[in-house]
Amino acid sequence: MASWGLKSCSEEESSSISRSSIQEARQSRLISRQHGVSKHSGDRFIPNRSAMDFDMAFYLLTQTRKEKEKAAALASHPGQTYGKLLAERLLPNRNRILAFQARPPASSSTAEETREISRSADRMLLIPEMADDYYLNALDWGSRNILSIALGRTVHLWNGTDGSTLEMMMAEDDLGAAASVSWAPDGRYLALGLNGSDVQLWDTDSQRLLRTLRGVHRSRVGSLSWSNHILTTGGKDGKVVNNDVRIRSHVVHSYRGHRGEVCGLRWSGSGRRLASGGDDNLVHIWDLRRASTATAPRTSQGPWIHRFDKHASAVKALAWCPFQSNLLASGGGGNDRCIKLWNTENGTCLDSVDTGSQVCSLLWSKKEKELLSSHGFGQNQLTLWKYPSFRKIIDLTGHSSRVLSTAVSPDGCTVASVSGDETLRFWNVFGSPETTKRSPPKPPPDLEPFSSFSRIR
């Protein structure tokens, strides 16, 4: 019995101590509330009961509409401003149904970083004999990091990895100068469209002419585009021709839809659809599956999927969006000055912006939702746009004549531009490479990649 009595006594003492602790805690909490002290604890996703006034919350939920309007009118009275601010200071969040701990401040390491873009070119090279012709496509950057540029009757190659250069080809007099260049997907073979209507295919490793495609066009070939083994050519005669470079009879299909020179050609990333732009202010969308249903050469007079006629000038600038396969951007010449976005599934124009100057080329970023355009006249600038708002991010100036063509490096960061001012410039537009490999050595400041050639000043 004694042990039971002793045990009973300990329980009573413990219960008394617990009750007194609870009463002291309640009194302390009451005093803290009276003095406007509210110590919030717990998680910000779990309501804190000590920070809520259930009576006030119940009243706010059940008060009538007239009472709400009357309370709002009184609160807006100038005399109530001080009282309202005082109540908010002394009783923070007391009228909220659920009160949570404040959101913690964002860590500086996770804060969004703003990409810095230099307004000036990182490098500039002089390129004499650069034809100031809007309709030509004399610049391309291959997958093996080799830049090709057509200068008159000569094609120059610059290796972006080691800075080496090569003067690859001197066109014969009867063939004319190179009007367009385009790398095959493997980055080894280079196609040249010539003023004399022929197309040449070169192996750049062996510096050897593999074959010449003759009889494809009747005049200069100013635009080229690859889709695997299919080389598509666009000529001044208005024809768009698919050439299978693996076979002897290379012409497998010919499209007829343009009434003027074809100055823009771009295959989509999937290789299913082809966009062509012409001097007749038109943009056509073609489907490869319709073109490859027969092995014999065929001519189509109008099997285009869509025909866009909203531009008011020649359309050279074309670019398929890398993150939205059915989205095409097109840019018009001096009488149009607009960039238009097209849904190539239903043929609708999604947006149009007047840039204020001739649109010569377009490039989508591979990393961000951004579009880069190059322009003539006015500022002769490159402009970076945010998609889909079409908000102008930055203008890059430096060229003194229109920026005829642009090309992006394989890593998607550096953009090369050529202009009628006979300069080739490199711009760090789309950020830095993500690889951690050691960057390739750069040539000394006093040496230019093409300085070994006498015609490069």
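Trainee: What share of the contacts in the protein chain between residues at least 6 apart in sequence join residues at least 24 apart?

Mentor: The share is 50%. Contact here means heavy atoms within 4.5 Å. This is a predicted model, where local features need pLDDT of at least 70, side-chain atom pairs count only at pLDDT 80 or more, and totals for chains, interfaces and linings use all residues. Residues are numbered from 1 along each chain as its sequence is written, and side-chain values use heavy atoms, with hydrogens and water left out.

Trainee: Why is Cys360 called buried?

Mentor: Buried means under 20% relative accessible area, exposed means over 50%, and partly exposed lies in between (1.4 Å probe, protein chains only). Cys360 has a relative accessible area of 1%, so Cys360 is buried. Of the 457 residues of the protein chain, 46% count as buried.

Trainee: What makes Cys349 partly exposed?

Mentor: Its relative accessibility is 37%.

Trainee: What makes a set of residues a nonpolar core?

Mentor: The set holds buried Ala, Val, Leu, Ile, Met, Phe, Trp, Tyr and Cys residues, joined through side-chain atoms within 4.5 Å. The largest such core has 30 residues, and Val155, Leu192 and Leu424 have the most contacts inside it. Its largest share, five residues, comes from strand β3 (residues 146-151). A second, separate core of 15 residues includes Leu327, Ala329, Leu341 and Phe390.

Trainee: Which residues is Val155 in contact with, leaving aside its neighbours within four places in sequence?

Mentor: Among them are Ile149, Leu166, Met168, Ala178 and Leu192.

Trainee: Which strands make up the open sheet of four strands?

Mentor: The order is β1-β29-β28-β27, with antiparallel pairing. Strands are DSSP runs (E, at least two residues), and helices are runs of H or I, at least four residues, numbered from the N terminus. Two strands pair if DSSP finds at least two bridges between them.

Trainee: Why do β1 and β27 stand at the edges?

Mentor: β1 (123-126) and β27 (403-408) each have a single partner strand, so one side of each is left without a neighbour in the sheet.

Trainee: How do you know that β1 and β29 pair?

Mentor: They share four bridges in the antiparallel sense. The definition asks for at least two, so β1 and β29 (residues 423-428) count as paired. Arg123 stands opposite Phe426 in β29.
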